[in-house]
2 protein chains.
Amino acid sequence: YQGSYGAPAPAAANDPMWAYFTAIAGQDGEVDAEELQRCLTQSGFTGSYSPFSLETCRVMIAMLDRDSTGKMGFNEFKDLFAALSGWKQNFVMFDRDRSGTVEPQEMGQAVFAMGFRVSPQALNVIIKRYNKGGRIYFDDYVACCIRLRALTDNFKRRDTMQQGAVSFQYDDFILCTMAI
Amino acid sequence: YQGSYGAPAPAAANDPMWAYFTAIAGQDGEVDAEELQRCLTQSGFTGSYSPFSLETCRVMIAMLDRDSTGKMGFNEFKDLFAALSGWKQNFVMFDRDRSGTVEPQEMGQAVFAMGFRVSPQALNVIIKRYNKGGRIYFDDYVACCIRLRALTDNFKRRDTMQQGAVSFQYDDFILCTMAI
Ligand SMILES: [Ca+2]
Ligand SMILES: [Ca+2]
Ligand SMILES: [Ca+2]
C-alpha cells in the first residue's frame, strides 16, 4: 500500500452523503434548484425557520455552479452544506433576542463580523432589499450572504493591485452581477 | 381659467387608480412587496401565467423605490403598471410558439430587442440564472428585465464619457448591485 498515499481521495461511492445525493439528484446525476429546495425542506435543515424559497435555492446553485450548467454535482453539494451550516450558526449567534429573525442593527453586526466592510449607506440598501416587515428571515439572510460574498469575490479577483477600485467593461459587469 | 394651464396636474384624488391604490396601500399609504404581490394576483395581471413571486415583487419595488423606504408611493405604483404592461407585450411577442414561456433562443432575441448589447457568454449566464427546466417563465422574465435595466442604467450613469468602461469603488459596486 506504499503507493496509496498519493492515490486519489476515496471514491464518492464510499462517502455517506453519496446515497443521499444520488437519491435527490435523480437520473441526470445533478441537483437543480427544485430538487435542492425539496431536499433542504425534507432534511429539516431550516428547523423552525421557514423553508428556503426557490429563489434562494437558485442563488445557492449559482454560487457553486462553476461549469454554468445551472445544476450541482456531488462536490458542490457537499460544499453547499458546509457553507449553509456556517451561515446558520452565524444567524443564530446574531439573533440575540431569539426572535427567529435578524433585525437591522443585528444585520449590521453580522455583515461586519463576516468581514465585509461596507458603508452605512450600502448596509441600508442591503437591509431594505432583504427585509420583510423590518426583519430579516433566515431564507433571505442566506441569499444576501451568498450574493454579498460572490460580488465581493468577483470584485477582489479583478482588483489585482488591491486598490479598492476596479474598472469594469459593460459586458463583464453584467456577467458578474446577473449571474447571482 | 386662464391661469390653470400652469397649475399642477390634477390631484391624485381625481385619478381613477387612486381608490385602487389606497385600498392596497393600507394605513401607511405605501405599498410594500407583500401588498404588491396580493394586488397583482387579485388584479389578474399575469392572466394564465403563474402569479408573481414575492422575490420578483421586491425587485419591482427596489427598481422604483427612489427614496429607499422599501415601499411604493402612488406615482411609483403607476410607473410600475406601465412598465409591466410593456414587458407583458414583449413577453407575448417573443413567445412565438405560444408555450407560455420564453425559451433560451427566444430570450436572446428579447434581450437584443430591448436594446441590451450583451455577449453570448453573458446571455448564457442570464439564461442559466432565470430558467426553470430550460424555460423562462413570465415571473422570472420580469425580474430579469428589471435587474438588467437597473444594472445597465447604473453603469451608464457612471460611464459619463461613454467609453463602455467604469471604474467602481468597492462600496459603490456593492451598493448598486445589492440594491436590486
Ligand atoms: Ca432577532
Ligand atoms: Ca402599506
Ligand atoms: Ca415559447
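Entry 1. I looked up the angles at the calcium ion (ligand 1): its six donor atoms subtend 71 to 178 degrees, so the arrangement is irregular. Six donors count as octahedral if opposite ones are over 155 degrees apart and all others between 65 and 115; four count as tetrahedral if all angles lie between 85 and 135 degrees, or as square planar under the rule for six, and anything else is irregular. Donors are N, O and S atoms within 2.8 Å of the metal (3.2 Å for Na, K and Ca), and water is not among the atoms, so sites may look incomplete.

Basis. This is a predicted model, in which local features need pLDDT of at least 70 and side-chain atom pairs pLDDT 80 or more, while totals for chains, interfaces and linings use all residues. Residues are numbered from 1 along each chain, chains are lettered from A and ligands numbered from 1 in the order written, and side-chain values use heavy atoms, without hydrogens and water.

Entry 2. I listed the protein donors of ligand 1: A:D95 (OD), A:D97 (OD), A:S99 (OG), A:T101 (O), A:E103 (OE) and A:E106 (OE), at 2.2 to 2.8 Å. Their spacing in sequence is D-x1-D-x1-S-x1-T-x1-E-x2-E. I found A:T101 and A:E106 buried (under 20% relative accessible area; exposed is over 50%, partly exposed in between; 1.4 Å probe, protein chains only).

Entry 3. I turned to the calcium ion (ligand 3), where six donor atoms subtend 72 to 177 degrees, an irregular arrangement. B:D97, one of its donors, is partly exposed at 47%.
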